[in-house]
Amino acid sequence: MKRIFSTTLGLLLAGSALAAPELSPQGIIINPVPTDLQVRVWVNKDPGKTGNPVYQIGERIQVSVQVNQDAYVYIFSVKSTGEIGLILPNAFDQNNLLRAGEIRTFPPATGARYALEVAGPEGQDRVLAVASRQPLSLAQIADIQTGRVNVQGADNLARALSIVVTPLPQQDWVSNVAFFTVGRAAVTPVQPVQPGTGTLSVNSSPAGAQVLVEGRVVGSTPLNLVLRPGRVDIELRLGGYQTFRTTAQIRPGETTVVNANLVPVVQNGLLQINSNPQGAQVVLNGRVVGNTPLNLTVQPGRYDLELRLGGYQSFRASVTVGNGQTVPVNATLQALRGTLEVYTNVEARIFLDGREVGQTRGGFLRLGELESGVVQVVALAPGYRVVFQDVRIEPGRALQVRLDLMRAR
């Protein structure tokens with residue numbers, strides 16, 4: 001017989017959004033250092049994470065997660081009432097190591113020994129996933145066997161998890177969150193419109209923004225409220241987006257609609273440019289900006305990069321910097337080579353610094369890809385005196401030398 005987690009676990013259990021602290025859509029805890037490790041968590045009614053799916057109390061639910069690199073994954077349920085539950089690892093599913101690209105669903109579609117069930121009260125709930133390259137010690141905050149977490153409230157969970165991940169390099173962990181509504185569709189009016197009141201309907205793109213009316217948190221978008229007539233100040237907050245502010249006039253018996261297209265917060269990125277050898281001139285979008293090694297703070301976008309250093313081939317690349325992203329560029333510069341053209345009056349064997357490199361045919365030999373510097377050129381031919389000459393090879397240039405051999409007496 002399959003076991004259903006109790007409501008103590010808080011699995012995808014509902015909670016009123018009124019008391020929920022502001023959370024970022026990227027996670028309750030946010031790693032401020034960009035990392036190439038990524039985790040994505042979603043619920044079965046919204047695999048694309050495009051909306052705010054609705055689950056009825058008592059309905060079963062599945063949570064899926066994916067990482068782009070091998071990582072240990074920990075999944076928590078976060079009720080807006082403050083109750084926290086541990087979804088993964090659990091008493092029936094303790095293997096929380098996911099391989100790169102692997103998608104795992106809890107409980108699995110087949111062979112599961114447990115089920116996850118939504119519980120009340122109604123409202124907005126969240127699922128938090130934390131991925132780490134190293135296993136985390138949750139013994140102080142959670143009981144794997146029961147799923148109970150020894151902290152209450154999203155703020156306290158964030159603090160507890162921050163302590164857990166503190167010993168790790170910041171590039172070694174990352175978090176992600178999924179939202180869902182419990183018990184009712186958020187677009188349904190909170191209560192019937194009463195005489196002398198009006199309805200305020202607040203929507204945002206993306207959804208899930210915290211709504212404040214007259215400075216008081218009243219829920220998350222999409223949201224309908226019954227209010228007394230009059231002018232109200234409205235504010236929408238969502239992590240990673242600029243705060244939206246407006247005013248609305250509530251009229252008796254009417255519905256006032258506020259649709260907000262939230263604008264992402266532009267966070268500058270960092271270009272870390274280095275070269276071997278160092279000291280190369282850095283040209284960004286045609287403008288000289290310094291010499292390697294060089295750290296540049298830039299706005300998100302695509303950049304044409306060029307590195308120049310005397311005696312070396314120019315390095316060119318196109319780099320794209322994302323919002324708040326750090327992009328390293330490490331260039332190994334290739335030394336320019338010189339060319340030597342040797343002319344002789346007779347066919348002769350040619351040596352450079354004592355090493356035979358060829359023979360003139362028709363009195364000509366061309367030698368390319370030579371390192372810069374002074375070399376000794378020697379010409380030998382039977383019956384002729386040895387001829388030698390020191391020449392300087394210069395990068396990127398073709399040097400011509402003529403050696404006339406005289407007959408030996």
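Predicted model: local features only at pLDDT ≥ 70, side-chain atom pairs only at ≥ 80, totals over all residues.
Phe180 has a relative accessibility of 0% and so counts as buried. The same label applies to Tyr55, because its relative accessibility is also 0%. The structure holds 3 aromatic pairs. In one of them, the ring centres of Tyr55 and Phe180 are 5.7 Å apart and the planes meet at 85 degrees, so this pair is edge-to-face. Tyr55 belongs to strand β3 (residues 54-55) and Phe180 to strand β11 (residues 173-182), and the pair links distant parts of the chain, 125 residues apart.

A second aromatic pair consists of Tyr343 and Phe364; with 5.0 Å from centre to centre and 50 degrees between the planes, it is tilted. Tyr343 is in strand β26 and Phe364 in strand β29, so the pair ties together parts of the chain that are 21 residues apart in sequence.

Strand β26 covers residues 338-344 and pairs with β32 in the parallel sense over 6 bridges. Within this pairing, Glu341 stands opposite Gln400 in β32.

The charged end of Lys45 is placed over the ring of Tyr55, at 4.6 Å from its centre. Tyr55 is thus a ring with a charge over it as well as a member of the edge-to-face pair with Phe180. In another case, Arg40 lies over the face of Trp42, and the distance to the ring centre is 4.4 Å.

Neighbours within four places in sequence aside, the residues in contact with Arg104 are Val63, Ser64, Val65, Asn95, Asn96, Leu97 and Leu98.

Ser77 is another buried polar residue to look at, with a relative accessible area of 0%. Ser77 sits in strand β5 (residues 71-79). Between the C-alpha atoms of Ser77 and Ile87 there are 6.7 Å, while the two residues are 10 residues apart along the chain.

Strand β13 (residues 210-213) and strand β14 (residues 216-220) run antiparallel and are joined by 4 bridges. Leu212 has Val217 in β14 as its bridge partner. Together β13 and β14 form a hairpin with 2 residues between them, and Glu214 in the turn has a positive phi of about 55 degrees. Strand β12 (residues 198-205) also runs antiparallel to β15, and 5 bridges join the two. Here Val202 is the bridge partner of Leu223 in β15.

Strand β15 (residues 223-227) is mostly covered, with 5 of its 5 residues buried. Leu223, Leu225 and Leu227 point one way from the strand, Asn224 and Val226 point the other way, and all are buried.

The whole chain can now be put in numbers. The protein chain contains 1 helix and 32 strands. Of its 409 residues, 45% are buried. Among contacts in the chain with a separation of 6 or more, 65% are between residues 24 or more positions apart. The pair of Tyr55 and Phe180, 125 residues apart, links distant parts of the chain.

Technical notes. Residues numbered from 1 in each chain as written. Heavy atoms only, no water. Pairing = 2+ DSSP bridges. Contact = heavy atoms within 4.5 Å. Phe/Tyr/Trp six-rings, centres within 6.5 Å; stacked < 30°, edge-to-face > 60°. Buried < 20%, exposed > 50% of the residue type's maximum accessible area, 1.4 Å probe, protein only. Lys NZ or Arg CZ within 6 Å of the ring centre and 35° of its normal.
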